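Please open the model in a viewer and prepare to select residues by number.

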Amino acid sequence: MIKDLALEQVVGHHHALGTSITLQIFGTQDRSLLKKSFDLIDHYEDIFTVNRDQSEVMDINHASGDYPVQVSSAVYSLVKLVVEKSRENFGFNALIGPVVKLWHIGFKGAHVPKDEEIKDKMLMTDSFKVELNDQDQTVFLQMKGMELDLGGIAKGWIADRIRDLWLAYGVEAGIINLGGNILLVGDSPKRDNGKWVIGIQDPKEPRGDNITSVMVGECSAVTSGTYERYLVVDGHKYHHLIDPRTGYPVKTNLAGVTTFTKTSVEAEIECKRLFFVGHPLENWHDNPDRIGAIFVYNDEHVEYDNFISKK
C-alpha cells in the first residue's frame, strides 16, 4: 500500500502546438491517461493547425474567395467562437495573419513593412467577410487571400478538452501546462487550503524568473506579453502583438497581463482583451467566471486586480 497516494503523481512531457507541454496528474501512478491526453492534443493540432499545408483550417484558407468548406463540429464551433470574438473589435482578430506575416516578428526576415503594404493586407482581415452556415457546418472566407488562424485561442480550448477527459477518468487534481497556458484541475493536494501557487514572469529576466506569485484555487492562468518576441530597428522596439485596428504593434505601457478565469479558453480571450486595454477594467470581474488579473508594466510596477494579492 502506497502511503499518501494523493501526493503521488505522474508527469508527462510532449512537444505539440509549437510549444513544450507538461501534464501532471496527482493521486495515481498509472501513466495511461497521459498518453490518451497527448493523443487528443495531437488530434486537435492535426485539424486546427495552420503551420502545415493540410488541416481542416487550411482547407478553409485554401478555398478563400472560391467556395465554402464543410468542417467537423470541433473546428466549426471554435471557428464560430473566434469569429464572434473578432467582431467585438477589442483587439483580438483571428484573421490578422496576413498582417502578422508582413512583420514576421520573432522569425528570420522580420522587418518594418511599408504603410501601403500594411493597408493592403488589412483589407483581408475583415471578420464580417467570414460566412458561417450552422446547418451545413461550412465556413467561407469571401476574399481571396484571407486566412483564419485559431492559434490565439486554440490552446485554451484544447486545455479545457483535456480537463474534460481527466474528469471523465475521475482525476481529482492535476496541472495542464500547454506552454505557459496553465489549467489547474481540482484542489492542490500539497496544501491544506487546496490552493495552487502561480508565478508571474519577470519581463526583464530569463524565463522562469518570477516578479511575483499568487495563490489561487482551481482556474486557468494565461499571459500575454511583449517581452519574448520583438524587433529593434533604428533604436525603436516593435513587439509581436499586432493591433488589428491599425496593423502596427499595439502601443502600451504593459509588459504583460495574466488573467485567471474558470475556463482556459476564456483566459485566452480575456487576456487579450485586457492587454489591448492596457489596465484593469471596471466591472470586468462582475462575471463570476473571471477571477482576477495581474498587470506588469514596463517599469516593473505590478497591479493586482480583484481579490488576487501578493503571496
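Rings of Phe, Tyr and Trp (its six-membered ring) are taken to pair if their centres lie within 6.5 Å; planes under 30 degrees apart count as stacked, over 60 as edge-to-face and the rest as tilted.

Select Tyr44 and Phe48 to begin. Their ring centres are 5.7 Å apart and their planes meet at 10°, so this pair is stacked. Both residues belong to helix H1 (residues 32-48), and because they are four residues apart there, about one helical turn separates them. Helices here are DSSP runs (H or I, at least four residues), numbered from the N terminus.

Next, colour by accessibility. Buried means under 20% relative accessible area (1.4 Å probe, protein chains only). Tyr44 counts as buried because its relative accessibility is 11%, and Trp157 is buried at 11%. Phe48 is also buried.

Now select Arg161, which lies over the face of Trp157 at 4.8 Å from the ring centre. A charge sits over a ring if NZ of Lys or CZ of Arg is within 6 Å of the ring centre and within 35 degrees of the ring normal. Finally, select Arg273, which lies over the face of Phe90, at 4.2 Å from the ring centre.

This is a predicted model, in which local features need pLDDT of at least 70 and side-chain atom pairs count only at pLDDT 80 or more, while totals for chains, interfaces and linings use all residues. Residues are numbered from 1 along each chain as its sequence is written, and side-chain values use heavy atoms, leaving out hydrogens and water.

Terms used. Helices (H or I, at least four residues) and strands (E, at least two) are DSSP runs, numbered from the N terminus. Buried means under 20% relative accessible area, exposed over 50%, partly exposed in between (1.4 Å probe, protein chains only).
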